[in-house]
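Good morning, and thank you for coming. Please look at the sequence and the structure on the screen while I go through a few of their features.

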Amino acid sequence: SMGKLKFDQGLIERPERILFLFAVVVLKVIFPKADAFGMSLSEFLVSILVVLSVYTLIQRVFHAYRRL
């Protein structure tokens, strides 16, 4: 439609982020004391999610800029 941009671009969209967070919670329940690279497993996985989300944001900004 005219004047609207669809932001369906990006590496990790909302459904994937929700599933990822659900998996983090499940893993935290199953392995409460697990750690990775000096931090808890859940902190490590959420850090990965943050990086992927920022990357997706950058992809969407560039996509919108190209479309304007």
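How do the residues of the lining of the largest cavity divide into nonpolar, polar and charged? There are six nonpolar residues, one polar residue and one charged residue in that lining. Before I name them, please note that this is a predicted model.

Let me begin with the overall arrangement. The protein has two helices and two strands, and along the sequence they follow the pattern α-β-β-α. Of the 68 residues in the protein, 16% are buried.

I return now to the cavity. When the whole structure is searched, one cavity of 30 Å³ or more is found. The space in the largest cavity is about 40 Å³. Its lining consists of Val 24, Leu 27, Lys 28, Phe 31, Ala 34, Leu 41, Ser 42 and Leu 45. Helix H1, residues 14-30, and helix H2 are the elements that give two or more residues to this lining. As for how such a space is found, rolling a probe the size of a water molecule over the atoms shows where empty space is left.

My next topic is the surface. Which residues form a nonpolar patch there? They are Leu 21, Val 46, Val 50, Val 54, Ile 58 and Phe 62, and together they have about 500 Å² of accessible area. Helix H2, which covers residues 41-67, gives the most to the patch, with five residues.

Ile 58 lies in helix H2. What distance separates the C-alpha atoms of Val 46 and Phe 20? The separation is 8.6 Å, although the two residues are 26 residues apart along the chain.

A second pair of this kind involves Gly 10, found in the segment before H1. Gly 10 has 27% relative accessibility, so this residue counts as partly exposed.

Finally, I would like to turn to a loop. Where is Phe 37 found? Phe 37 is in the loop between strand E1, residues 35-36, and strand E2, residues 39-40. The phi angle of Phe 37 is positive, at about 55°, although Phe 37 is not a glycine. Is this residue buried or exposed? Phe 37 is exposed, because its relative accessible area is 73%, and the cut-off for exposed is over 50%.

That concludes my presentation, and I thank you for your attention.

Note on methods:
Residues are numbered from 1 along each chain as its sequence is written. This is a predicted model: local features need pLDDT of at least 70, side-chain atom pairs count only at pLDDT 80 or more; totals for chains, interfaces and linings use all residues. Side-chain values use heavy atoms; hydrogens and water are left out. Patches are made of residues with over 30% relative accessible area and no salt bridge: like charges are joined within 9 Å, nonpolar side chains (Val, Leu, Ile, Met, Phe, Trp, Tyr) within 5 Å. Accessible areas come from the Shrake-Rupley method with a 1.4 Å probe; for residues, only the protein chains shown count as cover. A salt bridge is a side-chain nitrogen of Lys or Arg within 4 Å of a carboxyl oxygen of Asp or Glu. Helices (H or I, at least four residues) and strands (E, at least two) are DSSP runs, numbered from the N terminus. On a 1 Å grid over the protein atoms alone, a cavity is a set of points where a 1.4 Å probe fits but cannot get out, and a pocket is an open set with protein on both sides within 12 Å along at least five of seven lines; lining residues have an atom within 4 Å of a point. Grid points are joined across faces, edges and corners, and a volume is the space filled by probe spheres set on the points. Ala, Val, Leu, Ile, Met, Phe, Trp, Tyr, Cys and Pro count as nonpolar, Asp, Glu, Lys and Arg as charged, and the others, Gly among them, as polar. Buried means under 20% relative accessible area, exposed over 50%, partly exposed in between (1.4 Å probe, protein chains only).
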